[in-house]
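Take a walk through this protein model, from the overall fold down to single side chains. Cut-offs come along with each term.

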Amino acid sequence: MSFLEEFQANLDSLPVILQKKYALLRDLDKSLQDVQRQNEQRCEQEIEDIRRGVRSGNITPDTSVIRFSDEALDEQKHSIRIADEKVALAVQTYDLVDTHIQQLDQYLKKFDEELRRERENAATPRVPASGHDGHTKSGRGSEGGRGGRKKASQTTVVPAAAATEAQTTTANPTGVEIDLPVDPNEPTYCLCNQVSYGEMVACDNNDCKIEWFHFGCVGLKEKPKGKWFCPNCAATRNRRKGK
């Protein structure tokens, strides 16, 4: 049972419990009023009897010996006990409601934390998981080796850790070698001889020894239009044309 379900279950029983406690409070209040009314009448009668006794001389007007009857005193003590019982019941009722309020505060706090985590996750930037065609690709690849050309519709999945590396590439597009943690078995590419990260472009020379290049290392900011040759292959093609 979740915290919310448990809270709702306890909350469903709260009105019935409060109703019983309020009914008991009303009964105690009625009993207290009856005892107080009876005691007031008794005390008024005894005071009147004392006055008549003093006037007639049957009672000495000495305040040290004049007192209410034991019945009147017992009624007053009984009134105090009922009043104390009312106070105790009112405190219990207050504590019961306060406990539910604290439980609700805890639930709202947990709910607010969950919402905050969801907003943080939603605000986290995501790195594209694959290239749109065989000419470019995104992120660090997971190819098993260097041999052969990549297929025309290749899709390269980007691990979550590559997001930080992609941000580093964006902040440093100058082609300067970046010190990245490299798996010794992971293939390397580009003029910088680094592993695959960020946006990369493929050379259109099928005999290119390097094949893939980082945008920043070859001075690109976006995917080239048409055929694209790396600096080495482009120089070779120009020399052949010159002959």
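**From fold to side chains**

Residues 24 or more positions apart account for 61% of the protein's contacts with a separation of 6 or more. Contact here means heavy atoms within 4.5 Å. The model is predicted, so local features need pLDDT of at least 70 and side-chain atom pairs count only at pLDDT 80 or more, while totals for chains, interfaces and linings use all residues. Residues are numbered from 1 along each chain as its sequence is written, and side-chain values use heavy atoms, with hydrogens and water left out.

Start with the secondary structure. There are four helices and three strands. Along the sequence they follow the pattern α-α-β-α-β-β-α. Helices (H or I, at least four residues) and strands (E, at least two) are DSSP runs, numbered from the N terminus.

Next, the surface. The protein exposes about 16900 Å², and carbon and sulfur atoms supply 52% of that area. Accessible areas come from the Shrake-Rupley method with a 1.4 Å probe; for residues, only the protein chains shown count as cover. Of the 243 residues, 29% count as buried. Buried means under 20% relative accessible area, exposed means over 50%, and partly exposed lies in between (1.4 Å probe, protein chains only).

Now go inside. The largest nonpolar core has 18 residues. Such a core is a set of buried Ala, Val, Leu, Ile, Met, Phe, Trp, Tyr and Cys residues joined through side-chain atoms within 4.5 Å. Those with the most contacts inside the largest core are Val201, Cys203, Cys208, Phe213, Trp228 and Cys230. Strands β2 (199-202) and β3 (212-214) each supply at least two residues of this core. Strand β2 gives the most, with three residues. Another core lies apart from it and has six residues, among them Leu28, Leu32, Val35 and Leu89.

An unreviewed UniProt entry lists Cys203, Cys208, Cys230 and Cys233 under "binding site". UniProt positions are given in the numbering used here, feature names are shortened, and annotations may be inferred rather than shown by experiment. These four span 31 residues in sequence, yet no two of their C-alpha atoms are more than 8.3 Å apart, so they gather at one spot. Cys208 is found in the loop between β2 and β3. At 7% relative accessibility, Cys208 counts as buried. Cys233 lies in helix α4 (residues 231-242) and is buried as well, at 10%. Setting aside neighbours within four places in sequence, Cys233 is in contact with Cys203, Asn205 and Cys208.

A further group is on record. For "binding site", the unreviewed UniProt entry also lists Cys190, Cys192, His214 and Cys217. They span 28 residues in sequence, yet no two of their C-alpha atoms are more than 8.6 Å apart, so they too gather at one spot. Cys190 sits in the loop between α3 (162-171) and β2. Its relative accessibility is 6%, which counts as buried. Beyond four places in sequence, Cys190 is in contact with Ile210, Trp212, Phe213, His214 and Cys217. Cys192 is in the loop between α3 and β2, buried at 12%.

Turn to the rings. How many aromatic pairs does a search of the whole structure find? It finds two. Rings of Phe, Tyr and Trp (its six-membered ring) pair if their centres lie within 6.5 Å; planes under 30 degrees apart count as stacked, over 60 as edge-to-face and the rest as tilted. The rings of Tyr107 and Phe111 have centres 6.0 Å apart and planes at 20°, so this pair is stacked. Tyr107 and Phe111 are four residues apart in helix α2, about one helical turn. Phe111 counts as partly exposed, at 38% relative accessibility. Phe213 and Trp228 form an edge-to-face pair, 5.7 Å centre to centre with 65° between the planes. That pair links distant parts of the chain: Phe213 in strand β3 and Trp228 in the loop between β3 and α4, 15 residues apart. Phe213 and Trp228 are buried.

Glu75 is in helix α2 (residues 70-123). Is it buried or exposed? At 10% relative accessibility, Glu75 counts as buried. Its side chain makes a polar contact of 3.0 Å with the side chain of Gln38, and another of 3.1 Å with that of Asn39. A polar contact is a pair of N or O atoms within 3.5 Å; within protein, one must be able to donate a hydrogen and the other to accept it, and residues adjacent in sequence count only if both atoms are side-chain atoms. Not counting residues up to four places away in sequence, Glu75 touches Val35, Gln38, Asn39 and Arg42.
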